[in-house]
Amino acid sequence: MINYKFIAGMAMAACVAFSSCVDLDKEPLGSVSAGEVQNEKQAFLRLVAVYSDMKDFRYTWSNVAFGDVLSDDATYSGSDHDASTFILMEKYQYPADHNEILNKYSQTYQCINKANLFVRDLEQTSDDLFSEYNRKQMIGEAKFIRAYSYFELVKTFGGVPLYTNVLELDHKRLGRATAEEVYAAIEQDLQDAVDVLPSKGEIKDYMKKYAGRITKGAALAMQTRVYLYEKKYDKVKEAAKKLYALNEYSLVEDYQKQFLLSGEHGSESILEVNMYNSPTLGAWNVNNGNRHVLMCMPRNLTIGFGVAQPSKSLAEAYDKAGDEIRKHATLLSSEEAIAIEKEAYGDDIVQKYPLTNDRTGFYNRKLYLKPGEREENYGNNQPLNHKLIRLAEVYLNYAEACAKTGDEAEAKVYLNKIRKRAHLNDITSSGEQLFEDLMNERHLEFGMEGFRFFDVVRVGWGPKVFKGFEPGDEVLPIPQIEIDVSKGEMIQNKY
């Protein structure tokens, strides 16, 4: 069996129809073009191609650029030019031709199209071709990725064109589906994935051969996220209980460790993308590392660009809650960053490479690698895994669903599991105050992980939390190029 690193880290991004082709670290095993599947290793490489976009910077950077920067937790920062590109975005004036909007939209649809191709071709393939891999399971993985991708689109843009079949060259262009139609497709794909995927405990040599691939636990956890956005609280609870019944995940004792190299694939991790320093691929758009690290580390003092700096108001939120543990794990002060570099390289490092463009005094420690941990020469290939789903989120999704369905006692049990790890007192409130306490807990627990903007707008709090936010600012515009291609007939941004 091919080592898990190559599918989880997506080292071999295969070429398929309607997608770009990149060099591979290793020679491909068989043809990887779309169409009839000739052998199971070819099928595996096709699945790798579906996974590949989930590690692409253009697919995931929106978690930071939208989830954090559009909230009160961060500003885009970086160079003066970088910061200027987000001035309007941070004022909730979304240019439809903004590069990050286009990246999010186009890269996500590329991933969806790869998934559509894979599902179609594998569903037409006989089980007799497979001995090492499981055909139905591989289809389930692709359906999860398609569901994850459509969720990213619908939470960002609202209703979007819904393609679940392969696009032919003369395909009919679709207009926006309703958000409800998109969610229905997501629900179906996730349930299909739950039905066929193995749990961690069912996989022999999980860490060696499988870690980073999608499991039943990941599909169940994703269901809790999707149903929470839909306000289908009973379904959130049902999915969470099924995840708990697997008895395969637990909160790590040390909150910070799960964001360190030493804490990857810990007991709390439900899905993370493996990142590593590729020996041959190092370009910004073709690599196997976590480029978010490079983007967010202190500018000039390190190899980083200093983008997406946490705000002073986020620091104050931790201080107000007396939450030193999560504040320390989330926020790296400028002073501490300088001290770390001095300890590694000597006092004169600051004279040679002074910290520049520091707008808030803080950086994202969850995306920081110290000297000796980071790759200095292949800056794009930072080895820190990208965390997509962890157990703490499921606990808080479940707690919110319980609170919304009258089971406040159960809600407080899971809310306080999270608070206990942070060495904070139990929450004893009820009613609307309990809901506000739950939302505050999400703010502290998921600081600088891309949740804040989407959490606030999904509960209708945008106008009261974000300065300058008005109703309608919950969704971003579909890229102008898509409007132009449809000549404004099939797709419009009057949503």
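Student: Leaving aside neighbours within four places in sequence, which residues is Ile 186 in contact with?
Tutor: In this predicted model, Ile 186 is in contact with Ala 147, Tyr 150, Phe 151, Val 154 and Val 226, once neighbours within four places in sequence are left aside.

Student: Which residues touch the most other members of the largest nonpolar core?
Tutor: That core has 127 residues, and those touching the most other members are Trp 61, Phe 66, Phe 144, Tyr 150, Ile 186, Ile 270 and Phe 453. Helix 8 supplies the largest share of this core, with 12 residues.

Student: Now to helix packing. How do the axes of helix 8 and helix 11 cross?
Tutor: The axes of helix 8 (residues 135-157) and helix 11 (residues 216-230) come within 11 Å and cross at roughly 25°. Helix 8 is therefore roughly parallel to helix 11. Their crossing is left-handed.

Student: And which residues of the two helices meet?
Tutor: From helix 8, Phe 144, Tyr 148, Phe 151 and Lys 155 meet Ala 218, Ala 219, Met 222, Arg 225, Val 226 and Tyr 229 of helix 11. By class, this contact has eight nonpolar residues, two charged residues and no polar ones.

Student: A change of topic: where does Ser 79 lie?
Tutor: Ser 79 is in the loop between strand 1 (74-77) and helix 5 (80-84).

Student: Does Ser 79 count as buried or exposed, and why?
Tutor: Ser 79 counts as buried because its relative accessibility is 14%, and buried means under 20%. Neighbours within four places aside, Ser 79 is in contact with Arg 299, Phe 305, Asn 357 and Arg 359.

Student: What separates the C-alpha atoms of Ser 79 and Val 307?
Tutor: These C-alpha atoms are separated by 7.8 Å, although Ser 79 and Val 307 are 228 residues apart along the chain.

Notes
Residues numbered from 1 in each chain as written. Predicted model: local features only at pLDDT ≥ 70, side-chain atom pairs only at ≥ 80, totals over all residues. Heavy atoms only, no water. Axes fitted to C-alpha atoms, helices over the stretch in contact; angles between N-to-C directions. Helix = DSSP H or I, 4+ residues; strand = E, 2+ residues; numbered from the N terminus. Parallel < 35°, antiparallel > 145°, perpendicular 65-115°, else oblique. Left-handed = near helix turned anticlockwise from the far one by under 90°. Contact = heavy atoms within 4.5 Å. Nonpolar A, V, L, I, M, F, W, Y, C, P; charged D, E, K, R; others polar. Core = buried A, V, L, I, M, F, W, Y, C linked by side-chain atoms within 4.5 Å. Buried < 20%, exposed > 50% of the residue type's maximum accessible area, 1.4 Å probe, protein only.
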